[in-house]
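Please examine the fold that follows.

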Amino acid sequence: MPYKKYIDGNYLSVNNAGNIQLVIKNVNLEIVCGVTSKLPETSLPEVAFAGKSNVGKSSLINALMNRKSLARTSAQPGKTQTINFYNINEEIYFVDLPGYGYAKASKSEVAKWGQMIERYLKKSKQLKCVFLLVDIRHEPGENDRLMYDWVVANGFTPVVIATKLDKIKRSQIDKQKKLIREGLDSKDTLIIPFSATSKQGREEIYEVIDKILEDTV
Ligand SMILES: Nc1nc2c(ncn2[C@@H]2O[C@H](COP(=O)(O)OP(=O)(O)OP(=O)(O)O)[C@@H](O)[C@H]2O)c(=O)[nH]1
Ligand SMILES: [Mg+2]
């Protein structure tokens with residue numbers, strides 16, 4: 001695979017058409033940030049994954065990285081309570097954000113969560129895109145709407161990923177996408193249905209990421 005030079009000395013993969021294409025060669029959980037940790041000043045672009053607890057953020061990140069369980073997943077909600085930065089090929093970071101709406105979380109935990117996410121959205125200089133994950137089976141909840149508006153208010157265009165696509169019939173997809181679009185009041189937002197089990201939707205997500213890398217160069 002040929003390479004194209006990247007601004008600060010890193011090299012990106014380029015496909016035969018000359019377009020940037022992320023080919024996962026190396027992944028490394030490089031930075032884990034708790035509530036009190038200082039956010040890292042990274043030089044690579046970042047894409048973040050936000051969404052309700054249990055919606056499938058870590059599963060999606062594993063699917064994108066082609067790893068079964070580097071990002072810890074769990075049937076028990078609230079598994080990821082730190083901001084985890086996965087360094088992909090020294091080209092980009094995938095940032096796994098802690099999930100919201102975890103029923104058993106105490107008020108102080110919810111407050112900490114809010115601070116952590118807000119700080120990240122406001123402070124990260126390298127954040128290029130926020131993927132907002134919602135369950136394809138359900139109408140977005142209050143927290144999903146808040147998160148969506150928060151992302152927009154911070155100047156980002158969210159890309160919605162409708163997870164657990166394998167749990168609905170194909171004939172229901174359009175109806176559920178419409179429900180999500182209306183629920184988030186998101187007229188032009190891209191909504192990508194995705195399944196971590198079948199990996200359906202993965203190519204479309206890679207396309208968004210490749211476009212981000214292309215625009216960053
Ligand atoms: N059938 C199916 N199950 C999924 C899919 N994605 C995630 N799951 C399951 O949903 C549960 C939660 O997935 P996680 O990836 O841990 O969710 P998370 O959003 O990272 O959760 P927190 O870390 O708690 O915020 C696990 O049992 C996963 O196996 C999917 O596309 N299809
Ligand atoms: Mg998780």
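Two strands pair if DSSP finds at least two bridges between them; strands (E, at least two residues) are DSSP runs, numbered from the N terminus. This is a predicted model, in which local features need pLDDT of at least 70, side-chain atom pairs count only at pLDDT 80 or more, and totals for chains, interfaces and linings use all residues. Residues are numbered from 1 along each chain as its sequence is written, and chains are lettered from A and ligands numbered from 1 in the order in which they are written.

Q: In which sense do strand 5 and strand 6 pair?
A: Strand 5 covers residues 83-88, and strand 6 covers residues 92-96. Asn87 has Tyr93 as its bridge partner in strand 6. Over five bridges, the sense of the pairing is antiparallel.

Q: Which residue of strand 6 is the bridge partner of Glu46?
A: Strand 4 (residues 46-51) runs parallel to strand 6, and four bridges join them. The partner of Glu46 in strand 6 is Tyr93.

Q: How many residues of strand 6 are buried?
A: A residue is buried if 20 or more other C-beta atoms lie within 10 Å of its own, with C-beta atoms placed from the backbone. Ile92, Phe94 and Asp96 point one way and Tyr93 and Val95 the other way, all of them buried. Of the five residues in strand 6, the number buried is five.

How values were computed: A residue is buried if 20 or more other C-beta atoms lie within 10 Å of its own, exposed if 12 or fewer, and partly exposed in between; C-beta atoms are placed from the backbone.
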